[in-house]
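Student: I would like to go through this structure and check the words used for it. Can we set each word against its rule?

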Amino acid sequence: MSVRDEIETSLRAAFDPRELEVEDDSDSHVGHAGHDGKGESHFNVKIRAAAFEGMSRVAQHRAVHKAMGDIVPRIHALALDVGS
């Protein structure tokens, strides 16, 4: 399973989002720090779920990181757009 698929699976299971987009943006970072040439290092995630309602932005991001578990240390960059 690709890292992108792992991210999507973990976030769907944790939040049952009404909107979820996971983009592997690794190719845009060729030559930058953290890009090892293999890809799957930089991701953009847009997620909308009722579970985030009333949470601060910091709490939302922490919840996403917790849901992703051991995926986070395996990637270099994660851009989050989180909302309810």
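Tutor: What follows is a set of questions on the terms used for this predicted model.

Student: What makes histidine 61 partly exposed?

Tutor: Its relative accessible area is 26%. Buried requires under 20% and exposed requires over 50%, so histidine 61, at 26%, is partly exposed. Histidine 61 belongs to helix H2, residues 57–68.

Student: Which residues does histidine 61 contact, leaving aside its neighbours within four places in sequence?

Tutor: Leu80 and Val82. A contact requires heavy atoms within 4.5 Å. For leucine 80, 19 residues away along the chain, the separation of the C-alpha atoms from histidine 61 is 7.3 Å. That value is between C-alpha atoms, whereas the contact rule uses heavy atoms.

Student: Why are the buried residues of H2 said to line one face?

Tutor: The buried residues of H2 are Gln60, Ala63, Val64 and Met68. Seen down the helix axis, they fall within an arc of 130°, so they line one face of H2. In general, an α-helix has 3.6 residues a turn, so residues three or four places apart point the same way. Arg62 and Lys66, on the other side of H2, are exposed.

Student: What do the buried residues of H2 pack against?

Tutor: They pack against H1 and strand E3, residues 77–83. The axes of H1 and H2 come within 9 Å and cross at roughly 115°. The crossing is right-handed. On the H1 side, Ile7, Ser10, Leu11, Ala14 and Phe15 make the contact; on the H2 side, Ala63, Val64, Ala67 and Met68 do.

Student: How many aromatic pairs are there by the rule?

Tutor: The count is 1.

Student: Why is the pair of phenylalanine 15 and phenylalanine 52 called tilted?

Tutor: The ring centres of phenylalanine 15 and phenylalanine 52 are 4.6 Å apart, and the rule asks for centres within 6.5 Å, so the two rings pair. Their planes are at 40°. Stacked needs under 30 degrees and edge-to-face needs over 60, so this pair is tilted.

Student: Which parts does the pair tie together?

Tutor: Phenylalanine 15 lies in helix H1, residues 3–15, and phenylalanine 52 in the loop between strand E2 and H2. These parts are 37 residues apart in sequence, so the pair ties them together.

Student: What makes phenylalanine 15 and phenylalanine 52 buried?

Tutor: Buried means under 20%. Phenylalanine 15 has a relative accessible area of 13%, so it is buried. Phenylalanine 52 has 0%, so it is buried as well.

Student: Why is arginine 48 called buried?

Tutor: The relative accessible area of arginine 48 is 16%, and the limit is under 20%, so arginine 48 is buried. Arginine 48 is in strand E2. Leaving aside neighbours within four places in sequence, its contacts include Pro17, Glu19 and Asp81.

Student: Is aspartate 16 buried or exposed?

Tutor: Exposed: its relative accessible area is 66%, and the word applies over 50%. Aspartate 16 is in the loop between H1 and strand E1. Its phi is near 45°, a positive value in a residue other than glycine.

Student: Which residue follows H2?

Tutor: Glycine 69, with a positive phi near 50°.

Key:
Residues numbered from 1 in each chain as written. Predicted model: local features only at pLDDT ≥ 70, side-chain atom pairs only at ≥ 80, totals over all residues. Heavy atoms only, no water. Helix = DSSP H or I, 4+ residues; strand = E, 2+ residues; numbered from the N terminus. Buried < 20%, exposed > 50% of the residue type's maximum accessible area, 1.4 Å probe, protein only. Phe/Tyr/Trp six-rings, centres within 6.5 Å; stacked < 30°, edge-to-face > 60°. Arc of directions from axis to C-beta. Axes fitted to C-alpha atoms, helices over the stretch in contact; angles between N-to-C directions. Left-handed = near helix turned anticlockwise from the far one by under 90°.
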